[in-house]
Amino acid sequence: MKFLVCISHVPDTTTRIAFTPDGKALNTAGVQFIINPYDEMALTRALEIKEAQGGTVTVIHVGPAATDATLRKALAIGADDAVRINAEPVDALFVAAEIAHYANNEKYDVILTGRESIDYNSGQVMGMIAEFLGIPSVAVATKLEISGGKASLEREIDGGKELVTVSLPFAVSAQKDFAEPRIPNMRGIMSARTKPLKVLEPATQFKPVQSVAYQSPPAKSACKMIDPANPAELVNLLHSEAKVI
Amino acid sequence: MSVLVFAENWEGKFKKPAQEALTYGYELAQKTGGPLCAVVIGHNIQGDEINKLGAYGCPKVLSAIAPAFASFSANIYATVIADAAKKENATHIVFSHTYTGKSVAPRVAVKLQAGLAAGAVSLPSSPEPFIVRKKCFSGKGFTDVQISSPVKIVSLSPNSHHVFAAGEHKAADFKIEEFNPALPASDTTVNEVKKTSGKVVLTEAEIVVSGGRGLKGPENWGMVEALADALGAATACSKPVADMGWRPHHEHVGQTGITIAPNLYIAIGISGAIQHLAGVSSSKVMVAINTDKEAPFFQAADYGIIGDAFDVVPKLTEAIKQLKSAH
């Protein structure tokens with residue numbers, strides 16, 4: 001079975017997000033970048049199925065050369081090879097078109113992403129790739145099993161879960177519970193240095209969405225402290241001042 | 001400049017995210033000057049439910065009702081909405097950024113070669129350039145995104161837009177048109193739908209009561225639930241609590257869990273790690289209850305009580321019951 005796992009390069013979850021003074025970009029000073037946590041769950045599940053049933057796991061990423069360390073980390077976790085499309089991932093439609101373009105020639109059985117990247121939180125790329133390739137898409141999946149050319153999945157829906165079956169090939173985005181991420185071992189880290197990392201130039205141009213400005217959330221006014229002996233005062237304030245109950 | 005709203009239904013009812021999308025669509029159509037139309041997809045929607053959409057100023061509904069829509073398949077829904085957009089010459093399409101919206105909107109974007117602003121929280125200030133604000137960095141920031149393609153898609157973050165009071169903008173000539181586009185074969189088989197047992201769905205809740213490690217163990221959740229019941233709230237928890245198995249993962253709110261934006265968020269025994277705050281900071285009002293006066297949550301909260309949850313929470317529940325019985 002051939003797996004393609006799409007990797008985003010995002011600020012670590014503990015990062016305090018700040019923007020450049022002109023408000024046009026993320027201030028990357030001192031920011032640690034990691035594999036998007038949901039992508040890591042997708043990668044881990046692909047590796048688990050590959051180890052049980054055979055196959056290959058390729059990771060793909062759209063980004064500049066500075067992101068190679070993130071791809072090497074994915075190789076250290078266990079991916080067999082990596083592909084980087086050498087372009088800024090400015091728009092989901094562009095990223096999806098690039099990945100679909102690459103995947104179209106390689107005939108993958110399963111294409112995986114995280115349910116969203118923790119930087120732009122859009123969750124668009126998986127569905128877009130599936131539409132470009134004309135294959136089923138299962139968004140926000142918490143479980144994946146594959147046997148006999150079919151995949152059984154559990155996915156989140158509004159107010160519950162849904163158990164679905166799709167035929168291969170298909171695309172899926174991973175939500176928490178999909179797999180428990182692995183910490184790369186020394187052998188993985190050593191072998192990652194020599195695994196293939198192919199760099200390709202982009203094949204498409206269409207970028208209909210661009211971020212033109214960034215803002216931090218508005219500053220909160222000071223927290224109003226209430227006497228622990230008198231929680232009824234809190235109820236009064238929530239009712240008559242904040243008007244939320 | 002025609003606006004199409006996908007009005008999503010849950011078991012035949014149009015709930016708040018759909019009402020927000022309709023209100024947003026009406027206001028967007030006012031800006032673009034274009035006609036407004038909604039599309040509904042389902043199998044068990046009663047005509048009088050569809051009639052209610054007129055109360056949000058929507059003059060026309062394309063109604064795709066068929067047994068084929070009894071179970072969800074992203075490719076089928078995307079085909080219906082893209083065909084509706086073509087039929088109406090829609091230049092702007094509005095989705096709710098719900099699980100369904102997240103599944104369908106990306107496929108529609110590819111079909112129509114349309115830029116998609118996912119998780120938008122604002123209307124554009126003008127039709128051109130078309131710029132809307134959306135959340136980014138899991139609630140730690142906002143970005144203004146410009147869509148430059150001829151067809152533009154906005155997927156509206158739940159609880160981020162107001163809803164017209166029913167009848168406030170009643171459409172004068174409301175009409176429902178049956179819509180039966182040619183459908184591809186479904187590529188997804190739904191075997192089972194499991195509803196979450198909770199009384200209030202977390203992502204839709206107006207009030208959320210959340211517990212953290214400060215509650216010391218799963219056996220102490222009774223008081224969280226009692227408070228939530230008194231408020232008509234959903235319950236949630238912090239990541240460590242879900243990781244330790246005290247509560248199910250689907251209750252975990254935070255950067256790697258569910259992101260919520262209720263009107264009121266009450267955090268009990270949650271210190272307020274940056275990853276947790278990222279998932280809840282869009283709440284309109286936040287309350288922190290913690291024994292530790294240095295807990296970072298007090299920096300983010302609007303109201304705080306430094307005290308023992310085991311003492312404070314039951315008293316709080318009583319005070320709420322009194323308030324509710326007085327009104």
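**Domain arrangement, cavities and backbone features of the predicted model**

In the predicted model, the centres of domain 1 and domain 2 of chain B, taken over C-alpha atoms, are separated by 32 Å. The contact between these domains draws nine residues from domain 1 of chain B and 13 residues from domain 2 of chain B. Domain 1 of chain B spans residues 2-178 and domain 2 spans residues 202-325.

Rolling a probe the size of a water molecule over the atoms shows where empty space is left. Five cavities of 30 Å³ or more were counted. The largest cavity holds about 560 Å³ of space. Both domain 1 and domain 2 of chain B contribute residues to the lining of the largest cavity, which therefore lies between them. This lining comprises 32 residues, and those nearest the cavity centre are His97(B), Lys102(B), Ser157(B), Pro158(B) and Thr259(B). At least two lining residues come from each of α1 (16-32), α4 (99-112), β5 (115-120) and β6 (130-136) of chain B, and α1(B) gives the most, with three residues. In terms of class, eleven residues of this lining are nonpolar, twelve are polar and nine are charged.

The second largest cavity has a volume of about 60 Å³. Its lining is formed by Ser137(A), Val138(A), Ala139(A), Arg155(A) and Glu162(A) together with Phe72(B), Ala74(B), Ser103(B) and Thr188(B). Strand β7 (residues 137-147) of chain A gives the most to this lining, with three residues. Four of the lining residues of the second largest cavity are nonpolar, three are polar and two are charged.

Among the open sites, the largest pocket has a volume of about 1,200 Å³. It is lined by 49 residues, of which Pro89(A), Val90(A), Ser117(A), Asp119(A) and Tyr120(A) lie nearest its centre. Two or more residues are supplied by each of β2 (9-11), β4 (56-62), α3 (92-106), β6 (110-114), α4 (125-133) and β12 (209-215) of chain A, and by β5 of chain B. The greatest contribution to the lining of the largest pocket, four residues, is that of β12(A). The lining of the largest pocket divides into 24 nonpolar, 17 polar and eight charged residues.

Helix α5 (residues 222-231) of chain B has as its buried residues Met223(B), Val224(B), Leu227(B), Ala228(B), Ala230(B) and Leu231(B). Viewed down the axis of α5(B), these buried residues fall within an arc of 160° and so line one face of the helix. The elements covering the buried residues of α5(B) include β11 (207-211), β12 (234-237), β13 (264-268) and α9 (309-326) of chain B. Just after α5(B), Gly232(B) adopts a positive phi of about 65°.

Further backbone features were also examined. Most residues other than glycine have a negative phi, and most peptide bonds are trans. Lys243(A), in the segment after α6 (231-241) of chain A, has a positive phi near 55°. Its relative accessibility of 62% is over 50%, so Lys243(A) counts as exposed. Asn159(B), which is not a glycine, has a positive phi of about 65° and lies in the loop between β8 (152-156) and β9 (175-178) of chain B. At 14% relative accessibility, under the 20% cut-off, Asn159(B) counts as buried. A cis peptide bond with omega of about -5° joins Leu168(A) and Pro169(A), and Pro169(A) is placed in the loop between β9 (160-167) and β10 (170-174) of chain A. The peptide bond from Glu128(B) to Pro129(B) is also cis, with omega near -5°; Pro129(B) is found in the loop between β5 and β6 of chain B.

Technical notes. Residues numbered from 1 in each chain as written. Chains lettered and ligands numbered in written order. Predicted model: local features only at pLDDT ≥ 70, side-chain atom pairs only at ≥ 80, totals over all residues. Heavy atoms only, no water. 1 Å grid on protein atoms, 1.4 Å probe; cavity = no way out; pocket = protein on both sides within 12 Å on 5 of 7 lines; lining within 4 Å. Points joined across faces, edges and corners; volume = space filled by probe spheres on them. Nonpolar A, V, L, I, M, F, W, Y, C, P; charged D, E, K, R; others polar. Domains from an automatic or database assignment. Buried < 20%, exposed > 50% of the residue type's maximum accessible area, 1.4 Å probe, protein only. Arc of directions from axis to C-beta. Contact = heavy atoms within 4.5 Å.
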